[in-house]
Amino acid sequence: MNQLSDRLNSLSPSETLAMSQKSSELKAQGIDVINLSVGEPDFFTPDHIKAAAKKAIDDNFSFYSPVPGYMPLRKAIAAKLKNENGLDYKPEQIVCSNGAKQSVCNTLLCIIGPEDEVIIPAPYWVSYIEMVKLAEGKSVIIPAGLEQNFKITPAQLEAAITPKTKAIILCSPSNPTGSVYSKEELKGLVDVLVKYPNIIVIADEIYEHINYIGKHESIAQFPEIKERVALINGVSKAYAMTGWRLGFVAAPEWLAKLAISFKDNILQVHLQLLKKQQKLHLQEIRHQLKRCVKPSNVVAILLLN
């Protein structure tokens, strides 16, 4: 009997993890392999960041955090966007998550429904397709080959738009190609998007600092569409913090509120399941202890009750 939902049955195994596993297997056989699957920096988290994390533990940052993230953190992100990108966001417009990947997925789940179309330039990060499936949407792929430096043109974008188009995922600098859209190239895409006010732009900028051609340009800098841009970023790549799982979305307030509500409900479900598991676990411990009551373990029984 198949006990999985149709939603989960529709998903494919992670190709990224499959490639990474294959790389590990080949290395174990003594084969020299350059692994280009998982986006993992080749340096360590800076010492001052590790020191700050240790201090946070000592300062007892160990309780449930606010759903969108601690306010000082969101203020710091807003300051980063202002100082590095020239973008004005209030802390209330920023929602933190367990990595940029979760921010992309949460945003899609907030705005995409059955049969909604999401435009994805190719080559693309394989997870985008599965996220759209999870939201029950449909991916519309725009191919962009080497002859155009793996970047789509305004004409291609316009040709792909239909009445069902709800969003476009734009990754710059690109995973996996490394191509970076210039300000002029982004303006060309913006000129198309302004004609379609119902389309949301999910701007995945997690590789912002892995850029070898000059200044990073964000599509959120154009005021004519900024209120329709969900800017995704995080600390994984630039600061070698992939295992720390910290990403964020900076978005118009209406979308940020949706993301907070969505995340809050997901967290509540997880917490309820965790509490149920903990309750069952404690019941089993109580049962085992009461089977062998001795003076030495009366204290343990009292504590567990």
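The structure is a predicted model. Across the protein chain, the mean pLDDT is 85, and 83% of the residues reach 70 or more. The segment covering residues 269–278 has pLDDT under 50, and the model gives it 1 contact beyond four places in sequence. For residues 284–305, where pLDDT likewise stays under 50, the model has 12 contacts beyond four places in sequence. Where pLDDT is low, the predicted coordinates should not be read in detail.

The secondary structure of the protein chain consists of 10 helices and 7 strands. Of the 305 residues in the chain, 41% are buried. Among contacts with a separation of 6 or more, 67% are accounted for by residues 24 or more positions apart. The accessible surface of the chain amounts to about 17,700 Å², and carbon and sulfur atoms contribute 59% of this area.

Strand S7, formed by residues 247–250, pairs with both S1 and S6. Strand S1 (residues 94–97) runs antiparallel to S7, and 4 bridges join the two. Within this pairing, Cys96 has Phe248 of S7 as its bridge partner. Strand S6 (residues 229–234) also pairs with S7 in the antiparallel sense, again over 4 bridges. Here the bridge partner of Ile232 is Val249 of S7. In a regular strand the side chains alternate between the two faces of the sheet. In S7, Gly247 and Val249 point one way, whereas Phe248 and Ala250 point the other way. All four of these S7 residues are buried.

Helix H6 (127–134) is largely enclosed by the rest of the structure, because 6 of its 8 residues are buried. The buried residues are Ser127, Tyr128, Ile129, Glu130, Met131 and Val132. After H6 comes Glu136, which has a positive phi, near 65 degrees.

The structure holds 3 cavities of 30 Å³ or more. The largest cavity contains about 110 Å³ of space. It is lined by 15 residues, of which Pro121, Pro123, Tyr124, Cys171 and Ser174 are the closest to its centre. Strands S2 (117–122) and S4 (165–171) each supply at least two residues of this lining.

Open space was considered separately. The second largest pocket has a volume of about 1,100 Å³. Its lining comprises 38 residues, and those closest to its centre are Val38, Gly39, Asn175, Tyr207 and Lys237. Three helices, H2 (15–28), H5 (100–111) and H6 (127–134), each supply at least two residues of the pocket lining. The largest share, 3 residues, comes from H2.

How values were computed
Residues are numbered from 1 along each chain as its sequence is written. This is a predicted model: local features need pLDDT of at least 70, side-chain atom pairs count only at pLDDT 80 or more; totals for chains, interfaces and linings use all residues. Side-chain values use heavy atoms; hydrogens and water are left out. pLDDT is the predictor's confidence in each residue, from 0 to 100. Contact means heavy atoms within 4.5 Å. Buried means under 20% relative accessible area, exposed over 50%, partly exposed in between (1.4 Å probe, protein chains only). Accessible areas come from the Shrake-Rupley method with a 1.4 Å probe; for residues, only the protein chains shown count as cover. Two strands pair if DSSP finds at least two bridges between them. On a 1 Å grid over the protein atoms alone, a cavity is a set of points where a 1.4 Å probe fits but cannot get out, and a pocket is an open set with protein on both sides within 12 Å along at least five of seven lines; lining residues have an atom within 4 Å of a point. Grid points are joined across faces, edges and corners, and a volume is the space filled by probe spheres set on the points.
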